[in-house]
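This briefing goes through one protein model by topic. Keep the sequence and the structure in view while reading.

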Amino acid sequence: MPYADINGTQMFYESHGEGPALVFAHGRGGSHLSWWQQVSAFQQEYRCVTFDHRGWGLTPGQGGQPEPTTFAADLEALLDHLGIDRATLVAQSMGGVTSLGFALAHPERVTGLVLGDTTGGIGDPSVVSLLEDVHPPEHPLRRALSDGFIESQPELTFLFGSIGRMNPPMPLSVVSGLFRNPAGPHAGDLAEFTVPTLLIVGEEDRIFPPNVIEAAHRLIPGSRLEVVAGAAHSTHYEQAAIFNALLAGFLAEIGVGAVGVAADD
């Protein structure tokens, strides 16, 4: 299996296809497997890279509170290992902390940024003040998936849960602090940000509702926001065809190849 020696750990990754690089960063409840619907759609035209954050999936970690600067440094080392000079970063939830952090530190290496159901760890009060605690619901996946999806897609719901169970048990607080971190990027840090950015949020997202992502959108110059019906906190999984079409359109807009992915595929 492909592992890279990254900052003292053996990071698991996969690389599929050739062409401009798309790098996918998963959330707390996922792993590299979470992006199967994106990799299968884009690998014919792009080099699709997925990986497991340290402490998730098949990448060993030390446990405890993740450190955003470690995530970004790990991504930098992985790109160096793979010989990727520039990439479009596609993130969900926790992966947004990795991707926005890297893009702020190395904008010259990022052709575009897609923040799916995430603030990217923005610490500005205009965003953090809108966050509300979401207590664990009766169904263990209702924090991540919409009720309609759980009811109508039992097979994919089971798969989603199985992917999450590959991770070691951890409390919600392991990640929640990343999004309430006052040291996260503020308005001044983002004012000169020039990386093309697309924010996508599920209309039913309980963790980062559309009004929260709208606040993040207002802080990122030139960014675009798309709200997707029929999805909660995992738009890339619940409404993959729509997510993929938005991603394909964004790539065409920023001049990074073109893929014929339509919302009704």
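A residue counts as buried under 20% relative accessible area, as exposed over 50%, and as partly exposed in between. L58, at 31% relative accessibility, therefore counts as partly exposed. The model is predicted.

- Eight strands form an open sheet in the order 1-2-4-3-5-6-7-8, and their pairing is mixed.
- Strand 1 (3-6) and strand 8 are the edge strands, each of which pairs on one side only.
- On average, neighbouring strands of this sheet are turned by 25 degrees against each other, with direction ignored.
- Strands of a sheet pair through backbone hydrogen bonds, in either a parallel or an antiparallel way.

- Strand 7 covers residues 197-202, and six of its six residues are buried, so the strand is largely enclosed by the rest of the structure.
- In a regular strand, side chains alternate between the two faces of the sheet.
- In strand 7, T197, L199 and V201 point one way, while L198, I200 and G202 point the other way.
- Which strand pairs with strand 7 over four bridges? It is strand 6 (residues 110-116), and the two pair in the parallel sense.
- Within this pairing, L113 has T197 as its bridge partner, and L115 has L199.
- Strand 7 is also joined to strand 8 (residues 224-228) by five bridges, and these two strands run parallel.
- From strand 7 the chain passes through helix 9 (residues 210-219) to strand 8, in a β-α-β crossover that is right-handed.

**Surface and loops**

- A nonpolar patch on the surface is formed by M1, Y3, L33, L58 and M166, which together have about 460 Å² of accessible area.
- L58, one of these residues, is located in the loop between strand 4 (47-51) and helix 2 (68-82).
- Q43 sits in the loop between helix 1 (36-42) and strand 4.
- With 26% relative accessibility, Q43 counts as partly exposed.
- Q43 and E203 are 160 residues apart along the chain, and their C-alpha atoms are separated by 28 Å.

**Salt bridges**

- Side chains of opposite charge can pair when their charged atoms come close.
- How many salt bridges does a search of the whole structure find? The search finds seven.
- One of them joins the side chains of D74 and R54, at 2.7 Å from N to O.
- D74 is in helix 2 and R54 is in the loop between strand 4 and helix 2, so the pair links parts of the chain that are 20 residues apart.
- D74 and R54 are both buried.
- D147 and R206 also meet in a salt bridge, at 3.2 Å from N to O.
- D147 belongs to helix 5 (residues 147-152) and R206 to the loop between strand 7 and helix 9, so this pair ties together parts 59 residues apart in sequence.
- D147 is partly exposed at 29% relative accessibility, and R206 is partly exposed at 28%.
- A network of salt bridges links R142, D147 and R206.
- R224 forms a salt bridge with E253, and their closest N and O atoms are 3.2 Å apart.
- R224 lies in strand 8 and E253 in helix 11 (residues 240-253), 29 residues apart.
- R224 counts as partly exposed at 26% relative accessibility, whereas E253 counts as exposed at 55%.

Technical notes. Residues numbered from 1 in each chain as written. Predicted model: local features only at pLDDT ≥ 70, side-chain atom pairs only at ≥ 80, totals over all residues. Heavy atoms only, no water. Buried < 20%, exposed > 50% of the residue type's maximum accessible area, 1.4 Å probe, protein only. Pairing = 2+ DSSP bridges. Right-handed = clockwise from strand over helix to strand, strands pointing away. Patch = residues over 30% accessible without salt bridge, like charges linked within 9 Å, V, L, I, M, F, W, Y side chains within 5 Å. Areas by Shrake-Rupley, 256 points an atom, 1.4 Å probe, with all protein chains shown as cover. Salt bridge = Lys/Arg side-chain N within 4 Å of Asp/Glu carboxyl O. Axes fitted to C-alpha atoms, helices over the stretch in contact; angles between N-to-C directions.
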